[in-house]
Amino acid sequence: MSANHHGRCFCGAVQFTVAGEPVAMGYCHCESCRAWSAGPVNAFSLWPPDALKITAGADNIGSYAKTPASERQWCKTCGGHLFTRHPAWNLVDVYAAVIPDLPFQPGVHVHYQETRLRMRDGLPKMKDVPAEMGGSGVTLAE
């Protein structure tokens, strides 16, 4: 039986559900995620696009693609960050922080070569991303 998890932007104008289980959960340390989130690391949950359903405020979602690899989306009212669509991977990153009822269980750190916050948690630290996603597949030491 698949679970439905409910999320929303900061002000609640945009609401959504994700169904089932994420493909992966972890932390991204890339410069783009750090700049976008205004933080040293971004907690992600990756889902198939059809798992995400906007239940309120679809017309209130803004979008920006700095590169073809990532289309970042936010609420036009409060500016709250919501998702990053990754078309090449056919996945959408629903930021873990906007799904309060999701039991966040990170499994990996990606783009760890760019980190500004060393984390000693025993999880694999990928130099970039796994080979099956087009990365080097190289794991770095904690």
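A polar contact is a pair of N or O atoms within 3.5 Å; within protein, one of the two must be able to donate a hydrogen and the other to accept it. With that in hand, the side chain of Ser45 makes a polar contact with the side chain of Trp47, at 2.8 Å. Please keep in mind that this is a predicted model.

**Around Ser45**

- You will find Ser45 in strand β4, which spans residues 42–47.
- Ser45 is buried, with a relative accessible area of 0%.
- Leaving aside neighbours within four places in sequence, the residues in contact with Ser45 include Pro22, Ala24, Met25, Val92, Asp93, Val94, Ile99 and Leu102.

**Strands and hairpins**

- Strand β6 (residues 61–67) pairs with strand β7 (residues 70–75) in the antiparallel sense, over 5 bridges.
- The hairpin that joins β6 to β7 runs through 2 residues, and Tyr64 stands opposite Arg72 in β7.
- β7 also pairs with β8 in the antiparallel sense, over 4 bridges.
- Between β7 and β8 the hairpin has 5 residues, and Gly79 in the turn has a positive phi of about 80 degrees.
- Gln73 stands opposite Phe83 in β8.

**Aromatic rings**

- The count of aromatic pairs comes to 3.
- In the pair of Phe16 and Phe83, the ring centres are 5.1 Å apart and the planes lie at 75 degrees, so the pair is edge-to-face.
- This pair links distant parts of the chain: Phe16 is in strand β2 (residues 15–19) and Phe83 is in strand β8 (residues 81–86), 67 residues apart.
- Phe16 and Phe83 are both buried.
- Elsewhere, a charge meets a ring: the charged end of Lys125 sits over the ring of Tyr112, 5.8 Å from its centre.

**Cysteines**

- How many disulfides does the structure hold? The number is 0.
- Cys30 is in no disulfide, and its nearest cysteine sulfur is that of Cys28, 3.6 Å away; a disulfide needs the sulfur atoms within 2.5 Å.
- Cys33 is in no disulfide either, with the sulfur of Cys28 as the nearest cysteine sulfur at 3.7 Å.
- Cys30 is buried, with a relative accessible area of 11%, and Cys33 is buried too, at 9%.

Note on methods. Residues are numbered from 1 along each chain as its sequence is written. This is a predicted model: local features need pLDDT of at least 70, side-chain atom pairs count only at pLDDT 80 or more; totals for chains, interfaces and linings use all residues. Side-chain values use heavy atoms; hydrogens and water are left out. Buried means under 20% relative accessible area, exposed over 50%, partly exposed in between (1.4 Å probe, protein chains only). Rings of Phe, Tyr and Trp (its six-membered ring) pair if their centres lie within 6.5 Å; planes under 30 degrees apart count as stacked, over 60 as edge-to-face and the rest as tilted. A charge sits over a ring if NZ of Lys or CZ of Arg is within 6 Å of the ring centre and within 35 degrees of the ring normal. Contact means heavy atoms within 4.5 Å. Two strands pair if DSSP finds at least two bridges between them.
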